[in-house]
Amino acid sequence: MKVINGLENWQPRPDPIYIALGNFDGVHLGHRQIIKAAQKEALTKGGTSVVMVFEPHPEKVLNPGAHLPLLTSKAEKERLLREMGVDVLFQLRFDKTLREMAPREFVFDFLRGRMGAAGVVVGYNYRFGHKGVGTSTLLRRLGQEASLAVRVIPPVVVNDIVVSSTIIRGLLGEGKVKAANSLLGRYFAITGTIVHGAKRGRHLGFPTANIQVTGRPALSEGVYLVQCQWAGDALFGVANVGGCPTFGIGETRVEINLFDFQGELYGQELTVEFKEYLRPGYKFASPRELIEQIGEDVRRAREIIGKSASP
């Protein structure tokens with residue numbers, strides 16, 4: 001997959017271009033339907049599939065004071081799209097010019113003119129143009145005028161829930177990680193670099209790997225059963241997301257106790273998949289109470305792993 005950053009680096013191609021439009025935060029099951037449709041169109045017409053996303057997320061630009069925990073970092077989104085076999089990821093800055101572009105200008109001048117698109121694929125609730133006045137219905141109409149093929153993907157429903165990034169964020173914020181995973185079509189994951197911590201976990205008998213993350217995770221604070229991939233092996237563990245109230249630390253962080261692991265991880269990048277929510281985080285009266293609870297967390301996590309491995 002080729003990654004292109006910025007409009008100045010885009011060069012029109014001689015083959016038909018089919019673009020999946022959206023921000024695709026999470027690359028969830030609904031997003032995958034849009035992207036796969038663009039890939040199919042490109043394959044059928046002998047063209048190139050392009051996923052076009054805005055960086056930063058438009059909501060962070062339009063409402064800078066609002067808290068919007070993203071489901072995927074730029075690196076994670078790139079990895080997921082690469083795994084899907086997308087030809088080109090085009091990352092476009094959401095600047096003043098794009099924010100104030102009228103719907104007709106966006107279709108005729110940008111998509112057809114600058115991008116040279118033969119077709120686009122969007123979700124049913126896609127909005128575009130200045131102040132989001134453009135809808136998927138308007139895009140279809142303008143597409144007919146501009147000789148731009150437009151395909152609109154209907155909502156994807158799982159367990160009577162319409163799949164959306166907003167719904168997934170809400171579920172994660174409530175600790176309903178299994179329900180969120182069912183809409184993502186994969187485990188929610190956080191990727192970060194292992195950094196040195198205060199080493200309190202080691203003194204308590206449960207050494208932890210501390211992951212440095214950018215921004216505040218979408219997850220509810222608490223303790224989770226997690227799985228990590230390391231050197232070709234699947235490593236299970238329990239992770240605490242949040243602060244460290246027992247020791248008076250309020251910063252948000254991810255601390256993982258990997259089961260039966262001996263090795264050096266400092267400075268390494270690790271992807272942590274969240275499989276199940278175990279309990280909320282709370283302050284303990286003493287380190288001893290914390291040790292007892294961590295032991296119970298580990299016991300319960302191992303029990304869940306054992307049941308999932310049973311035939």
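Predicted model: local features only at pLDDT ≥ 70, side-chain atom pairs only at ≥ 80, totals over all residues.
Helices (H or I, at least four residues) and strands (E, at least two) are DSSP runs, numbered from the N terminus.

Residues are numbered from 1 along each chain as its sequence is written, and side-chain values use heavy atoms, with hydrogens and water left out. Local features need pLDDT of at least 70 and side-chain atom pairs count only at pLDDT 80 or more, whereas totals for chains, interfaces and linings use all residues.

Elsewhere, six strands form an open sheet in the order 1-4-3-2-5-6, with parallel pairing; two strands pair if DSSP finds at least two bridges between them. Strand 1 (2-5) and strand 6 (149-153) are the edge strands, each pairing on one side only. Within the sheet, strand 2 (residues 17-21) and strand 5 (residues 117-123) run parallel and are joined by four bridges, with Ile17 standing opposite Ala117 in strand 5. Helix 5 (residues 103-114) packs on the sheet and touches strand 2, strand 3 (48-55), strand 4 (88-93) and strand 5, contact meaning heavy atoms within 4.5 Å. The direction of helix 5 makes about 125 degrees with that of strand 5, where axes are lines fitted to C-alpha atoms, for helices over the stretch in contact, and angles run from 0 to 180 degrees between N-to-C directions.

The whole structure holds 15 salt bridges, each a side-chain nitrogen of Lys or Arg within 4 Å of a carboxyl oxygen of Asp or Glu. One of them links Arg299 to Glu296, with the closest N and O atoms 2.7 Å apart; both residues lie in helix 10 (residues 287-309), three residues apart, about one turn of the helix. An α-helix has 3.6 residues a turn, so residues three or four places apart point the same way. Arg299 is partly exposed at 43% relative accessibility, and Glu296 is partly exposed at 33%. Salt bridges that share partners join Glu296, Arg299, Glu303 and Lys307 into one network.

Key: Buried < 20%, exposed > 50% of the residue type's maximum accessible area, 1.4 Å probe, protein only.
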